[in-house]
Structures are given as C-alpha cells and as structure tokens.
Amino acid sequence: MTRLLILLAALCAIAYGCPPIVSRSAWGSRWTNCKDSLKPQRPLAIIHHTEGASCSSRASCISQVKNIQNFHINDRRWCDIGYNFLIGGDGSVYEGRGWTKLGAHAKGSNSISIGIAFIGSFQNKLPPQAAINAAKSLIQCGVSKNYIRKNYTLKGHRNVFPTDCPGNTLYNNIRTWGRFKEKGFLP
C-alpha cells in the first residue's frame, strides 16, 4: 500500500509538477469538522511563518504540525489548523486544510487565498532552500490544478493584516519571488 501511495504521488508530481504532499492521514491529523469550502481560482497566495520552533526531519516536522493543529483547535477554538499547507525545514509540504477547505490564516482574505506557512520563526533567518523551493513548487502546482489563478498575486501575511508575519527575513525573500505585490489585493 505504501509503495502504491508513493507511486501515485510521483505520478501526480510528473503530471502537474506538484511536490509530494504529506497527507493529513500520514502526519496523524485529528478528525475535524470544517465544512466551509473554497472555490477554485483563488487570486491570492499568502505566505506565513508559524512563529514557533522550526523542524528539520520528517518526525520533528510532524510533531510541529500536530502541535500547531492542537493550538489552533484547543486555544484558538478554530475547527482545524488554520493554514492550507505547511512547509517544513525538511523540504516537505504538509497538508493542512488542503486546496478545497476555507482556511483561518489571514482574517479578511481567507475566502480568496491559499495560506502557506513555513514552520518556524523567520524574523532573522531564512527557511532552508529546500523549503523555499517546495513552497514555490506548491504554488505552481495550485496554478496547474486550477486552485490558484494563473495571474495570482503573492503576498506576505503582513500585506493583508497588521502583523510582522512571515518575519522580516522571509518577507524580504518572498518580495523577490515572481507575482509578489505589496499593495492591492487582486492581480
């Protein structure tokens, strides 16, 4: 069964240029009851950092994703982890709410965006290059699968809500990515 899942993930990556995504079941997600769906063709991709500890291995990243989910559900009283996807220092993409569920990552912009969070605090350092590459690949995957508009706008969380997220160093880096736009919401 595991070999079949790896083969299917590889075929998806070939067909859509998608990075492998660690599914909710693979990282041990809690059962949740989020019902609000997202429409395809979101115009925004919003980059976050989680502000907590970083991770560099599959095991440590899974532990951090579980901690974030528990914090969001137990302390924030959200129906699930707030982000659509999380990127670990191991270069892996972890499924949060995924492509089709409304996130809780950027108040006022959740219904028109995909929220991608780098696991850790990136005020004074960058995530590993493998993580940055995974995020860029994930965005392109979303475009190829029609979840994100081809003419999407990339933003840092601070561009849509008063916060220092995604940290100064990461924010300065994403400003160099294609499609970044500091002002205005739509392309």
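Guide: A quick definition first: an axis here is a line fitted to C-alpha atoms, for helices over the stretch in contact, and angles run from 0 to 180 degrees between N-to-C directions. Also, this is a predicted model.

Visitor: Got it. Which strands does helix α4 lie across?

Guide: Helix α4, residues 129–144, lies across β1, β2 (42–49), β3, β4, β5 (113–118) and β6. Its direction is at about 145° to that of β6.

Visitor: How far does α4 reach from its first C-alpha to its last?

Guide: With 16 residues, α4 reaches 22 Å, close to the 22 Å expected at 1.5 Å a residue.

Visitor: And which residues of α4 are buried?

Guide: Ala 131, Ile 132, Ala 134, Ala 135, Leu 138, Ile 139, Cys 141, Gly 142 and Val 143. Just after the helix, Asn 146 has a positive phi of about 75°.

Visitor: Let's switch to the sheet. What's the strand order?

Guide: β1-β4-β3-β5-β2-β6, in an open sheet of six strands with mixed pairing. At the edges are β1 (21–22) and β6 (148–156), each pairing on one side only.

Visitor: In what sense do β1 and β4 pair, parallel or antiparallel?

Guide: Parallel, over two bridges. Ile 21 has Val 93 in β4 as its bridge partner.

Visitor: Now α3. Which of its residues are buried?

Guide: Cys 61, Ile 62, Gln 64, Val 65, Ile 68, Gln 69, His 72 and Ile 73 are the buried residues of α3. They cover an arc of only 165° around the axis, so they sit on the same side of α3.

Visitor: What covers them?

Guide: The cover includes α2 (24–27), β3 (85–87) and β4 (93–95). α3 itself lies across β1, β3 and β4, at about 35° to β4.

Visitor: Which exposed residues are on the face turned away from that buried side?

Guide: Ala 59 and Asp 75. After α3 comes Arg 77, with a positive phi near 65°.

Visitor: One more residue: where is Tyr 83?

Guide: Tyr 83 is in the loop between α3 and β3.

Visitor: Why does Tyr 83 count as buried?

Guide: Because its relative accessibility is 10%, and buried means under 20%.

Visitor: What does Tyr 83 touch?

Guide: Leaving out residues up to four places away in sequence, Tyr 83 touches His 48, His 49, Thr 50, Ile 68, His 72, Gly 96, Arg 97, His 105, Gly 115 and Ala 117. Two of these, Ile 68 and His 72, are among the buried residues of α3. As for Arg 97, its C-alpha is 6.2 Å from that of Tyr 83, with the two residues 14 apart along the chain.

Key. Residues numbered from 1 in each chain as written. Predicted model: local features only at pLDDT ≥ 70, side-chain atom pairs only at ≥ 80, totals over all residues. Heavy atoms only, no water. Buried < 20%, exposed > 50% of the residue type's maximum accessible area, 1.4 Å probe, protein only. Helix = DSSP H or I, 4+ residues; strand = E, 2+ residues; numbered from the N terminus. Arc of directions from axis to C-beta. Contact = heavy atoms within 4.5 Å. Pairing = 2+ DSSP bridges. Expected span 1.5 Å × (residues − 1).
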